[in-house]
Amino acid sequence: MLSPTLFPLFCALFLCLPVAVIFTVQRELTGVISPPEFGFRSLSVFSLYSRNVPDASSSPVVRIRQPIPKEDEPLLRLASRVNPNLPPGSTRKLAFMYLTTSPLPFAPLWEKFFNGSSKNLYNVYVHADPTREYDPPFSGVFLNRVIHSSKPSMRHTPTLTAAARRLVAHALLDDPLNYMFAVISPSCVPIRSFDFTYKTLVSSRKSFIEILKDEPWQFDRWTATGSQAMLPEVKLEEFRIGSQFWVLKRRHARVVARDRRIWVKFNKTCVREDSCYPEESYFSTLLNMRDPRGCVPATLTHVDWTVNDGGHPRMYEPEEVLPELILRLRKTRPRYGEDGINGSEWSAVERMDPFLFARKFSPEALEPLLGMARTVLFNDSAGGV
């Protein structure tokens with residue numbers, strides 16, 4: 001028989017044993033399966049969420065996979081839960097997000113742009129209309145990079161904006177090291193080297209997105225979906241316009257993924273097609289409302305709007321594509337928002353951010369662009385600029 005002094009100790013040990021067993025089992029399980037919003041190590045936008053966890057006996061790794069949703073709502077909901085910050089000490093990556101409804105005419109030029117650069121510094125994503133034929137098919141750096149949730153998109157509808165949101169969501173989920181997210185047009189070309197582009201973007205603490213106030217056509221665009229459709233969430237004085245080609249930092253990319261309140265006002269059928277350009281208003285309005293101080297209100301994609309052909313900017317034809325053109329585009333100063341720098345520590349007068357990309361180039365301009373790729377486009381000292 002146990003002595004009176006040992007009996008309470010024995011009872012305590014007996015009662016604690018089941019708790020210890022449960023704690024041990026739970027710890028083993030949480031070492032294998034983590035919540036979907038944390039711990040992304042390898043998430044293929046074309047396959048599944050995976051996490052490699054070795055077991056106690058160092059046997060082959062076990063992959064726990066969760067399908068990436070194809071529909072927008074669950075896709076964006078999952079993306080909105082990712083960590084907005086990069087893991088400490090990690091290498092920042094650039095996410096190049098191509099939004100196209102046709103084959104990428106400048107794919108060979110982009111191949112040269114990426115050639116020789118470490119794949120640990122960038123990722124490529126393509127949103128391509130699944131109802132169209134792509135001839136030639138995507139290859140090289142674009143091979144197997146079309147996101148599986150791609151849907152048809154067209155001008156004068158919210159579909160272009162929705163496509164950009166899908167790209168952002170996939171890039172957020174795909175790699176926790178994606179730091180800057182750039183939307184690229186199929187008619188867009190790089191006018192700096194990858195090294196220059198990378199250093200410029202990863203060193204920035206701000207997003208680059210054109211945010212223009214009191215444009216002549218602001219009221220027409222605000223009422224494109226109806227005279228009161230934007231109210232009460234987006235008042236006219238809060239409405240902004242800007243280029244649809246921007247570069248967002250990770251925290252702002254998650255702002256886009258999390259947004260429902262402002263998106264529902266832009267995701268409507270327009271009653272006036274001639275002023276329906278939600279892709280040029282939604283992102284500028286959202287970020288101006290959410291974090292204007294975190295943005296440089298300018299785009300780093302040069303475009304010439306001195307020519308306006310049915311809502312399209314100037315198209316550079318092959319005979320115009322000379323070294324002098326590229327050097328002139330590099331020297332051009334971006335247009336900054338009418339609010340200065342939206343309250344940041346710099347004034348618009350003091351900033352001179354470099355254009356990294358340019359549009360709009362005719363597909364036939366590929367040959368002269370390739371001819372000057374090494375000596376001009378990717379030669380950052382060419383022309384002394």
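The model is a predicted one. You're looking at 385 residues, 49% of which count as buried. The protein has 12 helices and 14 strands.

**The whole protein**
- Take the contacts between residues at least 6 apart in sequence: 78% of them join residues at least 24 apart.

**Helix α4**
- Helix α4 runs over residues 159-174, which makes 16 residues.
- From its first C-alpha to its last, α4 reaches 22 Å, close to the 22 Å expected at 1.5 Å a residue.
- Of its 16 residues, 15 are buried, so α4 is largely enclosed by the rest of the structure.

**Cavities**
- The protein holds 2 cavities of 30 Å³ or more.
- The largest cavity has a volume of about 80 Å³.
- Residues lining the largest cavity include R221, A224, T225, M230 and F239.

**A look at R240**
- You'll find R240 in the loop between α6 (218-222) and β11 (247-249).
- R240 has a relative accessible area of 6%, so it counts as buried, the cut-off being under 20%.
- A polar atom of the R240 side chain lies 2.8 Å from the backbone oxygen of E237.

Key:
Residues are numbered from 1 along each chain as its sequence is written. This is a predicted model: local features need pLDDT of at least 70, side-chain atom pairs count only at pLDDT 80 or more; totals for chains, interfaces and linings use all residues. Side-chain values use heavy atoms; hydrogens and water are left out. Helices (H or I, at least four residues) and strands (E, at least two) are DSSP runs, numbered from the N terminus. Buried means under 20% relative accessible area, exposed over 50%, partly exposed in between (1.4 Å probe, protein chains only). A polar contact is a pair of N or O atoms within 3.5 Å; within protein, one must be able to donate a hydrogen and the other to accept it, and residues adjacent in sequence count only if both atoms are side-chain atoms. The expected span of a helix is 1.5 Å times one less than its number of residues. Contact means heavy atoms within 4.5 Å. On a 1 Å grid over the protein atoms alone, a cavity is a set of points where a 1.4 Å probe fits but cannot get out, and a pocket is an open set with protein on both sides within 12 Å along at least five of seven lines; lining residues have an atom within 4 Å of a point. Grid points are joined across faces, edges and corners, and a volume is the space filled by probe spheres set on the points.
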